[in-house]
Amino acid sequence: MNPAPLTTLDLVHGELLVRDWPNTLRPPFGLVRTGSELRGHARLRRPVREALQTAGLAFQDHVAPPPLLLDDTPTAPEPTPSMLPCWLANDGRGIACCLPEATRLDFTISALRTRLQPALVVTRDSGAEINWTTTLAGHGLVARPGQRSAATVVTVAEAARTMHWRARRHDLLVVDRPEQMPLPAVLAVLDGSAALLRLGFVDAPDSRRLLRWCSSLGPVLGVVDAALRQQRIELHLPLPPADRIGYDEAWHTFLCVFDVFVAAQPNAGFGTFVQQARGDPKQRPGLFAWHRALQLASWNRNKADAVAELLARHRDERILVFTPDRRSTYELARTHLIAPVTAELPRRERQATLAAFAAGRLRTLAGPRLLDLGVPEGCADVGILVGGGYGRNQHHARCRRIATTGIVYELIALDTVEVGRAHRFGRSIAPATAVGHAGGW
């Protein structure tokens with residue numbers, strides 16, 4: 001018996017061409033079958049590869065450009081941009097909101113340095129193109145005539161007109177301020193690019209625009225909010241695969257019970273459900289599943305790795321880590337040798353620990369609740385909020401512990417209840433709709 005022919009991916013006149021697609025595998029949505037071939041937008045290269053990899057089938061990708069050498073890229077910026085690990089954890093896709101221009105440049109250089117793929121930077125107009133080109137040339141990213149370029153900068157109009165031949169020359173697509181670009185042109189770029197790695201920089205995030213860009217560029221990685229006293233950065237992290245399965249199962253169990261409650265009592269609130277579920281054996285599994293889902297979202301391996309990265313980044317500063325529960329507090333205390341502050345500690349020991357931090361003798365504290373008001377306002381340089389489900393008053397109290405010149409990080413689990421709760425409290429943008437890829441910081 002002859003072996004099945006190997007599936008191949010190629011670009012023909014800017015269109016993705018898939019030959020010898022397995023008959024036992026359903027093609028990704030958007031591809032059109034013409035005989036033994038599949039055709040579609042160049043952006044479908046990624047879902048085609050993912051479908052084949054998930055099925056464990058070998059294939060040849062003739063679209064992929066040659067990778068860069070380390071010598072082709074400048075030294076990675078120090079420190080690395082705080083959202084870069086989120087981008088890597090989401091398999092090289094995502095949107096960063098409200099970053100300063102210098103940070104955008106550092107992000108782009110770090111992305112080139114870590115993934116070693118040639119980049120196409122798409123800007124709004126020629127003025128932005130000149131600015132990006134001049135800055136990247138100063139870092140050695142724009143090649144001289146006759147040399148291979150690690151990064152190419154073009155306007156969105158130029159990119160839309162020439163994407164049919166540019167599509168195979170880059171594997172990292174950087175789109176700067178898509179909300180300021182003509183919609184037909186930017187959609188032509190996003191659909192016509194075959195880049196597996198995508199990065200978007202958005203200045204004015206709102207729910208309608210972000211829902212549009214997330215489907216093409218990836219989930220929201222984080223937000224820098226300059227309106228608050230401190231610099232605030234949201235870091236959106238995917239759940240690890242095992243926790244994702246557990247979260248989805250728990251959330252399904254909760255919804256099955258809660259939907260029955262809402263149908264019977266449409267005017268009752270969630271608080272009424274909690275009170276009834278505590279005494280009702282039929283509703284109690286739904287309440288347990290709710291708490292299980294919150295637990296998986298609020299603390300997992302990706303968040304633990306994120307906290308470790310932030311602690312290392314700010315090792316010389318005074319840090320408060322606001323944990324979701326005692327379990328995560330003691331895990332951080334054991335792993336990083338930092339002082340925990342929980343209700344289980346004797347009162348005198350808690351007071352001595354908090355006083356030592358206020359006096360500067362301790363640099364880092366971790367705790368679930370007692371740090372909210374237990375330390376003076378403005379006594380810390382960095383705050384790490386491990387989760388996105390805090391109430392408005394509690395969130396403000398925690399931010400007031402951080403100096404006005406400090407920085408507050410919020411860690412939010414992608415595609416969980418944390419995103420919606422943060423949005424309702426008015427501290428976040430609309431939930432990211434694209435499913436993030438699991439991975440570690």
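Predicted model: local features only at pLDDT ≥ 70, side-chain atom pairs only at ≥ 80, totals over all residues.
Biologist: Okay, back to strands: how do β1 and β2 pair?
Modeller: β1 (residues 7–12) and β2 (residues 15–19) run antiparallel, with five bridges. They belong to an open, mixed sheet of five strands, ordered β3-β4-β2-β1-β5.

Biologist: Which strands stand at the edges?
Modeller: β3 (32–34) and β5 (59–61); each has a single partner strand, so one side of each lacks a neighbour in the sheet. On average, neighbouring strands are turned by 25 degrees against each other, direction ignored. For that, axes are lines fitted to C-alpha atoms (for helices over the stretch in contact), and angles run from 0 to 180 degrees between N-to-C directions.

Biologist: New topic: how many salt bridges does the structure hold?
Modeller: There are 29, counting a side-chain nitrogen of Lys or Arg within 4 Å of a carboxyl oxygen of Asp or Glu. One of them joins arginine 104 to aspartate 176, with the closest N and O atoms 2.5 Å apart. Arginine 104 sits in α3 (residues 101–115) and aspartate 176 in β9 (residues 172–176), so the pair ties together parts 72 residues apart in sequence.

Biologist: Is that arginine 104 buried or exposed?
Modeller: Buried, and aspartate 176 is too. Buried means under 20% relative accessible area, exposed over 50%, and partly exposed in between, using a 1.4 Å probe and protein chains only.

Biologist: What about arginine 161 and its glutamate 158?
Modeller: Their closest N and O atoms are 2.3 Å apart in a salt bridge. Both residues lie in α5 (residues 156–166), three residues apart, about one turn of the helix. Arginine 161 is exposed at 55%, and glutamate 158 is partly exposed at 24%.

Biologist: Last one: which residues of α12 are buried?
Modeller: In α12 (residues 326–336) they are Ser328, Thr329, Glu331, Leu332 and Ala333. Leucine 337 follows α12 and has a positive phi, near 55 degrees.

Definitions and conventions: Residues numbered from 1 in each chain as written. Heavy atoms only, no water. Helix = DSSP H or I, 4+ residues; strand = E, 2+ residues; numbered from the N terminus. Pairing = 2+ DSSP bridges.
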